[in-house]
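Good morning, and thank you for coming.

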Amino acid sequence: MKYLLGILLFSIISCGNSEELDNQIPDTDLPLGKIKTLTIKDEELVSGTASLIEKLDFKFEYSNDKLVKVWDVNGNYTENLEYTNGLLTSISIEGNSYPGLSDPLPFSEKRKLIYDNNQRLVKVENIDLNYVKNYKTFEYPSGDVIIVKNYIDNYSGIPFNTDMLKIYMNNKNITKVERYEEGNLSKLGNVITYEYDNNINPDFLIDRNRILALPEYAYNIFMLQDYSQISRNNVSKKNVYYWGSIPDSPKKELEMVSQYQNNNLPSIIYYQEKISDNIPNDYFRVSAVYGY
């Protein structure tokens with residue numbers, strides 16, 4: 001369980017520049033190719049020896065160049081996507097929240113995506129009546145900032161703003177994400193910063209509204225859902241600052257490593273973090289192996 005909690009850092013929400021979100025035509029210098037398969041491995045490294053905790057094998061299905069299905073071949077996750085006039089309007093997910101446990105928790109949710117007149121995503125709501133109603137809204141105060149507000153119905157009929165994210169973009173990459181509790185700017189919960197290499201992030205080639213619309217904590221695995229998946233390049237370093245603003249709060253640094261194919265797309269991306277500062281040679285590692 002402690003490992004699963006560790007990788008929750010990667011499964012919150014993903015956000016991006018409004019112009020980038022709306023324009024689904026890739027840059028002319030992007031390599032051709034979209035993700036067809038993705039293998040996730042969760043491992044524990046003790047003095048250089050790796051022990052497998054969990055392995056997941058995903059496949060991606062497209063129709064007319066649109067992603068329509070993502071699923072784990074072992075039945076832990078199935079995601080179906082529907083489009084209206086070229087815009088993603090529905091995401092349905094069935095599976096298990098924690099497939100690595102002996103008694104996995106089932107998860108099911110259907111999400112509706114709503115756009116404004118400029119085809120910008122402005123709201124995503126859970127329309128599955130079997131679960132607590134929740135939704136999120138998106139605001140675009142400038143071309144390089146996006147604000148996401150998360151709400152949940154607390155059964156009183158009055159939605160509660162659980163938290164707010166303020167996301168900063170630069171050169172088509174997310175550089176910083178600030179999370180505020182209860183949407184209150186005086187309650188900064190954590191700050192995440194990203195640094196990038198010069199190579200292409202494969203998720204940049206997939207509909208970015210999908211990443212925005214995925215539910216929080218729906219499926220805590222690496223590389224299906226992360227802030228950086230909207231970004232054009234791959235993350236080389238991720239820093240998490242807790243309970244305050246930079247540079248006064250504690251920092252947790254995650255090392256990101258990428259191995260590339262000849263076409264500038266990554267074949268393997270992994271991150272690792274120390275199990276404890278007192279045990280310098282022991283790590284948790286999550287790797288993503290891509291097929292195109």
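I begin with a definition: a residue is called buried when its relative accessible area is under 20%, exposed when it is over 50%, and partly exposed in between, using a 1.4 Å probe and protein chains only. By that rule Tyr196 is buried, with a relative accessible area of 18%.

Two remarks on the source are needed. This is a predicted model, in which local features need pLDDT of at least 70 and side-chain atom pairs count only at pLDDT 80 or more, while totals for chains, interfaces and linings use all residues. Residues are numbered from 1 along each chain as its sequence is written, and side-chain values use heavy atoms, with hydrogens and water left out.

Let me turn to the strands. Helices (H or I, at least four residues) and strands (E, at least two) are DSSP runs numbered from the N terminus, and two strands pair if DSSP finds at least two bridges between them.

Strand 3 (residues 66-72) and strand 4 (residues 77-84) run antiparallel and are joined by 3 bridges. Trp71 has Thr78 in strand 4 as its bridge partner. These two strands form a hairpin with 4 residues between them, and Gly75 in the turn has a positive phi of about 85 degrees.

Strand 4 also runs antiparallel to strand 5 (residues 87-96), with 8 bridges joining them. Here Glu79 stands opposite Ile93 in strand 5. Strand 4 and strand 5 again make a hairpin, with 2 residues between them, and Asn85 in the turn has a positive phi of about 50 degrees.

Tyr180 faces Leu188 of strand 12 as its opposite residue. Their hairpin has 6 residues between the strands, and Glu182 in the turn has a positive phi of about 55 degrees.

How much of strand 12 is buried? Of the 13 residues of this strand (residues 188-200), 10 are buried, so strand 12 is largely enclosed by the rest of the structure. Strand 12 is also joined to strand 13 (residues 233-242) by 8 bridges, and the two run antiparallel. Tyr194 has Lys238 in strand 13 as its bridge partner.

Strand 13 is also the place of Asn234, a residue that is buried, with a relative accessible area of 3%. For its neighbours I need two terms. A polar contact is a pair of N or O atoms within 3.5 Å; within protein, one must be able to donate a hydrogen and the other to accept it, and residues adjacent in sequence count only if both atoms are side-chain atoms. Contact on its own means heavy atoms within 4.5 Å.

The side chain of Asn234 reaches the backbone oxygen of Ile200 at 2.9 Å, and a polar contact of 3.3 Å joins the side chains of Asn234 and Tyr260. Not counting residues up to four places away in sequence, Asn234 touches several others, including Tyr196, Pro202 and Ile269.

Next come the charged pairs. Side chains of opposite charge can pair when their charged atoms come close. A salt bridge is a side-chain nitrogen of Lys or Arg within 4 Å of a carboxyl oxygen of Asp or Glu, and the structure holds 10 of them.

In one of these, Arg179 pairs with Asp163, the closest N and O atoms being 1.9 Å apart. This pair links distant parts of the chain, with Arg179 in strand 11 (residues 173-181) and Asp163 in strand 10 (residues 159-170), 16 residues apart. Arg179 counts as buried at 11% relative accessibility, and Asp163 counts as buried at 9%.

Another salt bridge joins Glu139 to Lys149, with 3.3 Å between the closest N and O atoms. Glu139 lies in strand 8 (residues 134-142) and Lys149 in strand 9 (residues 145-153), so the pair ties together parts that are 10 residues apart in sequence. Glu139 counts as partly exposed, at 33% relative accessibility.

I close with a charge and a ring. A charge sits over a ring if NZ of Lys or CZ of Arg is within 6 Å of the ring centre and within 35 degrees of the ring normal. The charged end of Lys69 sits over the ring of Trp71, 4.8 Å from its centre, and Arg285 lies over the face of Tyr270, at 4.3 Å from the ring centre.
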